[in-house]
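Grab a pencil and get ready to work through some exercises. Try each task yourself before you read its solution.

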Amino acid sequence: MKAVRFSRFGPATDVADLVDMPEPAPPGVGEVLIQILASPVNPSEFLSFEGRFGSYAPKLPVFAGGEAVGRVIGIGAGVTHLNPGDRVLTQYAGRGSWRERLTAKADGMFPLPDDIDVLQLAMLAVNPPTAWNMMHLFVGLQPGDWILQNAGTSSVGYNVIRLARRLGARTVSIVRSKDQIVPLLTAGANAAVVDGPDLADRIVVAVNNASIRLAFDAVAGAATRALANAVGPGGTVVIYGILSGGKSDVDTTDILFRDVRLRGFWLTQWFRQTPHEEKRQLYEQLAGLMKDGTIEIPIEATYPMTQVKAALAHAARPSRAGKVLLTMGA
């Protein structure tokens with residue numbers, strides 16, 4: 001069976017290797033055997049290849065891949081809530097999903113709806129709950145409130161836009177170029193502005209001088225300062241990514257005199273700390289929103305896992321208009 005593994009840290013396209021490995025063991029008590037169907041290339045994959053994912057570097061060699069959707073093809077003793085043919089999230093199996101098949105504990109897994117596109121389901125485990133939790137855990141948003149975010153064309157960005165509209169909140173997204181504005185407005189964003197030296201002034205114009213209560217930061221570094229400057233007094237900036245690779249920078253005066261709060265959200269920690277039933281309920285709710293079209297993440301390209309280096313190179317392009325996914329066949 002094929003899988004993607006790396007034995008050293010470095011640029012993803014340099015260190016990702018397609019390898020042959022033994023078939024997984026048959027499912028034991030409380031386990032299922034899963035055929036992997038598809039998996040997105042998320043920013044966290046690049047951090048993992050570089051040894052910068054989370055607060056520690058994993059012990060090498062490591063099998064690559066985070067979230068994925070798979071189909072149950074074998075059931076171990078004692079598993080009564082799943083059946084062969086059920087589609088499931090592999091998030092409960094941990095990392096290492098860029099392979100054809102795996103055996104994992106069935107605890108926490110649940111069957112996904114059959115009438116949702118498999119590529120959309122492959123993106124259910126990470127970005128939708130990240131957007132949902134950031135919108136619900138830090139500020140009690142009210143209809144009409146503004147949310148500011150950078151990395152507006154990211155999958156989290158699109159989820160924020162669509163979920164905010166459902167809540168009656170408004171979004172202003174920061175993008176890299178003018179050609180990224182129309183797709184966001186089409187997706188439901190209330191405003192989008194291009195990053196640059198006069199960013200603060202254009203944000204003020206975009207929100208008609210309203211006070212912004214909540215901001216989401218996927219970039220960190222100097223981008224955190226820009227968001228902290230832009231939110232209103234008592235506003236909250238939630239850092240959930242480090243695309244810049246740098247340490248966040250803020251004006252002390254924003255914290256001291258305007259009571260701007262900085263918070264962090266890491267989905268891995270939420271996943272570890274949240275009871276199975278609570279996670280299941282949220283994922284089922286988000287799957288329902290995916291089914292009715294509230295959540296729909298743009299897809300730019302798919303690649304078979306055998307072309308993983310090409311997929312990684314494509315996913316690293318700064319001007320993508322959608323997600324890049326790997327498909328594992330079957």
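Predicted model: local features only at pLDDT ≥ 70, side-chain atom pairs only at ≥ 80, totals over all residues.

Residues are numbered from 1 along each chain as its sequence is written, and side-chain values use heavy atoms, with hydrogens and water left out.

**Exercise 1: the nonpolar core**

Task: Find which residues touch the most other members of the largest nonpolar core, and list what L124 is in contact with.

Solution. 

Step 1. A nonpolar core is a set of buried Ala, Val, Leu, Ile, Met, Phe, Trp, Tyr and Cys residues joined through side-chain atoms within 4.5 Å. Buried means under 20% relative accessible area, exposed means over 50%, and partly exposed is in between (1.4 Å probe, protein chains only).

Step 2. The largest core has 80 residues, and F49, W98, L124, F216, Y283 and L312 touch the most other members. Helix α11 (residues 276-291) gives the largest share of this core, six residues. Helices (H or I, at least four residues) and strands (E, at least two) are DSSP runs, numbered from the N terminus.

Step 3. Zoom in on L124. Skip its neighbours within four places in sequence, and you'll find contacts (heavy atoms within 4.5 Å) with E67, L89, L112, P129, Y283, L286, A287 and M290.

**Exercise 2: a buried charge**

Task: Work out how far D86 is from the nearest side chain of opposite charge, and what its side chain reaches.

Solution. 

Step 1. D86 sits in the loop between β5 (69-75) and β6 (87-89).

Step 2. Look for a charged partner. Lys and Arg count as positive and Asp and Glu as negative, while His and the chain ends are not counted. A salt bridge needs a side-chain nitrogen of Lys or Arg within 4 Å of a carboxyl oxygen of Asp or Glu. D86 is buried but has no salt bridge, and the nearest side chain of opposite charge, R71, is 7.1 Å away.

Step 3. See what the side chain does reach: the backbone nitrogen of N83, at 2.7 Å.

Step 4. Not counting residues up to four places away in sequence, D86 touches G70, R71, V72, H81 and P111.

**Exercise 3: salt bridges**

Task: Say how many salt bridges a search of the whole structure finds, then take a look at a few of them.

Solution. 

Step 1. Recall the idea: side chains of opposite charge can pair when their charged atoms come close.

Step 2. Count. The search of the whole structure finds 14 salt bridges.

Step 3. R225 is partly exposed at 27% relative accessibility, and D249 is partly exposed at 31%.

Step 4. Now try E284 and R280, with closest N and O atoms 2.6 Å apart. Both lie in helix α11, four residues apart, about one turn of the helix.

Step 5. Finish with a network: salt bridges link E23, E100 and R101.

**Exercise 4: pairing strands**

Task: Give the strand order of the open sheet of three strands, and state whether β8 and β9 run parallel or antiparallel.

Solution. 

Step 1. Strands of a sheet pair through backbone hydrogen bonds, either parallel or antiparallel. Two strands pair if DSSP finds at least two bridges between them.

Step 2. Read off the order: β2-β1-β4, with antiparallel pairing. The edge strands are β2 (17-20) and β4 (62-63), each pairing on one side only.

Step 3. Check one pair. Strand β1 (residues 2-6) joins β2 over four bridges, and A3 has V19 as its bridge partner in β2.

Step 4. Move on to β8 (residues 146-149) and β9, which run parallel and are joined by four bridges. Five of the six residues in β9 (residues 170-175) are buried.

**Exercise 5: a buried serine**

Task: Decide whether S48 is buried or exposed.

Solution. 

Step 1. S48 lies in helix α2 (residues 43-49).

Step 2. Its relative accessibility is 8%, so S48 counts as buried.

Step 3. Leaving out residues up to four places away in sequence, S48 touches F6, F9, F53 and R95.

Notes:
Polar contact = N/O pair within 3.5 Å; in protein donor to acceptor, adjacent residues only side chain to side chain.
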